[in-house]
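Try each task before you read its solution.

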Amino acid sequence: MFCALFVLGATGLFPATAASAGQNAFALSSTAFANGGLMPKVHECTSGGGQDPAKKNESPPLAWSGAPTAAKSYAIVMRDLDNANLIHWVIYDIPVTAASLPQNVEHAYRPSVPAGARQIYYRGSASLYGYQGPCSPSTVNTYEFVVHALNRASLTNLTSSSSTQTAARAITAASLGTARITGES
């Protein structure tokens, strides 16, 4: 069945989408690592008990382009795909005027950059607001960063005490489109 659908799509029986056309495809990238590449140690967690000074738990720089024109804000969700999709980071209410996040977004509910954004509290090995880097000392795991273009400017139903799962559900419900990048650590 998949082969038949693939052949039908390849023969032009299905209309081309923006993603397949490539020109205005919603895309996410990082200057810190290539899609599927190795994430630098500076983005790894500091809570694993090791004393490696290169591990700083800094969020990677991320940039996106080609978002749906109806977007009113953005959100990013980071998951460990090899650990039951454990959510490591949720940042939302990113203004629609933003097209990137700098490296090392402040560990705060309301980081100073990007102005207006909010982050979910990570309840796990670190217990902090915002980014919790990879913490897989004995294995190499795949981490997925997904930027969501949202249909509203603010997810007012989320608060400083919302869980990562609640936030991820709210983001998915408001999502107009997504772009993703993965990194190994």
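Two strands pair if DSSP finds at least two bridges between them; helices (H or I, at least four residues) and strands (E, at least two) are DSSP runs, numbered from the N terminus. This is a predicted model, in which local features need pLDDT of at least 70, side-chain atom pairs count only at pLDDT 80 or more, and totals for chains, interfaces and linings use all residues. Residues are numbered from 1 along each chain as its sequence is written, and side-chain values use heavy atoms, with hydrogens and water left out.

**Exercise 1. Count the aromatic pairs and describe the one made by Trp 89 and Tyr 131.**

Step 1: Set the rule. Rings of Phe, Tyr and Trp (its six-membered ring) pair if their centres lie within 6.5 Å; planes under 30 degrees apart count as stacked, over 60 as edge-to-face and the rest as tilted.

Step 2: Applying this rule gives five aromatic pairs.

Step 3: The ring centres of Trp 89 and Tyr 131 are 5.3 Å apart and the planes stand at 90 degrees, so this pair is edge-to-face. Trp 89 sits in strand β5 (residues 86-95) and Tyr 131 in the loop between β9 (128-129) and β10 (142-150), so the pair ties together parts 42 residues apart in sequence.

Step 4: Check the burial, where buried means under 20% relative accessible area, exposed over 50%, and partly exposed in between (1.4 Å probe, protein chains only). Trp 89 is buried at 0% relative accessibility, and Tyr 131 is buried at 1%.

**Exercise 2. Are Tyr 121 and Tyr 129 stacked or edge-to-face?**

Step 1: Their ring centres lie 4.9 Å apart with the planes at 75 degrees, so the pair is edge-to-face.

Step 2: Tyr 121 is partly exposed, at 26% relative accessible area, and Tyr 129 is partly exposed, at 22%.
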